[in-house]
Amino acid sequence: MTLNFDPRAKASTLYHGEFRPMFIGGKWVAAQSGEVMQALNPATGEVLATVPRGGAADIDAAVAAARAAFEGPWSKFSPYERQCVLLRIADLFETHWEELSVSDTLDMGLPIIRTLANRRRVIGMLRFYAGMATALHGETIDNSIPGEIVSFTRREPVGVVGAIIPWNAPTAASIWKIAPALATGCTIVLKPSEEASLTPLLIARLMQEAGVPDGVVNIVTGTGAEAGARLAEHPDVNKIVFTGSTLTGQAIARAGVTNLKRVSLELGGKSPVIVCRDADIDKAVPVAAMAVFVHSGQICIAGSRLFVAREIHDEFVRRLAEFAGKLRIGHGIEAETEIGPLINARQAGKVEVYIKAGSDEGAELVAGGSRLTGELYDGGNFIAPTVFGKVSDKMTIAREEIFGPVISAMPFDTLDETVARANATPYGLAAGVFTTHLGTAHKLARRIKAGSVWVNMYHAIDPAVPFGGMKMSGYGREGGLEHLHEYLETKSVWIQTD
């Protein structure tokens, strides 16, 4: 990818270890406790900035600001006016896209070629939800009650939304929560991950510049145990939307019971990728590889369980290993980097434990498997893209979500067999299928228990298409009309006219 700007030069203007306040009620504030957290560059370990370590008191202040805005000025905005706000935000994102992309790369490590490539998706979301702001409506319903009675429904905003997002896609995750809230007339308190809080704070600045009224969008930085837990249980929050681990999602669902708030959860996965014997191998190898390696495996939809037809299994795994070995690993800010670091040393250590478990349990390490060291990797958390062969379904690496650059390859003999094995997991977020036979594609897409099934491709996400999980991968949908309905209440109105 050829860049028309110097990412390093842009990075040098962004962060210099300074304090970045959070955004509550239209004001930039420190935590009431005065405590701060460090934002570290995962590629170097250097301190990019410090941010407030917000806690329960700060969440309370943000929810109060969101409630005041919801019942005050924001409630008077027409659908057209909300649409105009979202379009202004989209225009500002266009102008500041390089800055947002560099911030994401510095804060969580994804290579700059990847963060820049998210432009169409993120700005597309803003423009999609802007369009939907004026397209929301109820229905007039013929009823069977005697007399002259008219019945119809109204779609009304649910109220104050609490959003908790992960660190692996700060810009996209922020907009996927904020944009539908604004389109439907809700207000929002966003709690970003403590591992990547800087870009959401940049986004708050753009929201303010776009004319979003004070209190409509609030960003509270802090830990999940302190700020996140309070947001999930807060009695004046009407809806919680969360993206993250299944374990945390279960805790958030329990917390939501306190006031029976709406809850939407997009959680973990252990997604299968099925390569049929008639697949186009030249096409399937790089796509199957990047289904996992694209963010060093740190994506909930990672296709980390690779089922390959026995007839082509050995060749496929060999070519997969060759592909993995040629990927360029390094600092995300470099334009030629294809694979960046893991988010922190703790996560890198967990992945190393999984790799050791794979070898100890009898899997064959055919590529990668090591922590990268040397001058280029000093201070960072780099693990080589890893491919295991001779994996059985019962092995730890085949069962548990690793959240690292590890693929487990397994042969299969029949489609019935591989469907059963693919579905034999508590997760159901995504799946991939490679085949040149249309009938096989339809059969597998129907039978695989996953919220998204990609055929001869992977990672496709569009604002108009619903996305979400089944089973322990969560419930609720993001994208499409279904997403907007997650932020709306349906009210039935009856009028006797005689």
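Two strands count as paired here if DSSP finds at least two bridges between them. Keep that in mind for this predicted model.

**Exercise 1.** Work out the order of the strands in the 7-stranded open sheet, and find which strands stand at the edges.

*Solution.* Start with the order: β14-β15-β16-β13-β12-β18-β19, with mixed pairing. Now look at the ends. β14 (364-367) and β19 (452-455) each have a single partner strand, so one side of each is left without a neighbour in the sheet.

**Exercise 2.** Zoom in on β14 and describe how it pairs with β15.

*Solution.* First, the sense: β14 and β15 (residues 386-389) run antiparallel, joined over 3 bridges.

**Exercise 3.** Check the radius of gyration of the chain against that of a compact globule.

*Solution.* Begin with the rule: for 498 residues, a compact globule would come out near 23 Å. The chain has 23 Å, so the two agree. Along its principal axes, the C-alpha trace spans about 75 × 60 × 45 Å. For burial, take under 20% relative accessible area as the cut-off; buried residues then make up 57% of the chain. Finally, of the contacts between residues at least 6 apart in sequence, 75% join residues at least 24 apart.

Conventions:
Residues numbered from 1 in each chain as written. Predicted model: local features only at pLDDT ≥ 70, side-chain atom pairs only at ≥ 80, totals over all residues. Heavy atoms only, no water. Helix = DSSP H or I, 4+ residues; strand = E, 2+ residues; numbered from the N terminus. Rg over C-alpha atoms; globule rule 2.2 N^0.38 Å. Buried < 20%, exposed > 50% of the residue type's maximum accessible area, 1.4 Å probe, protein only. Contact = heavy atoms within 4.5 Å.
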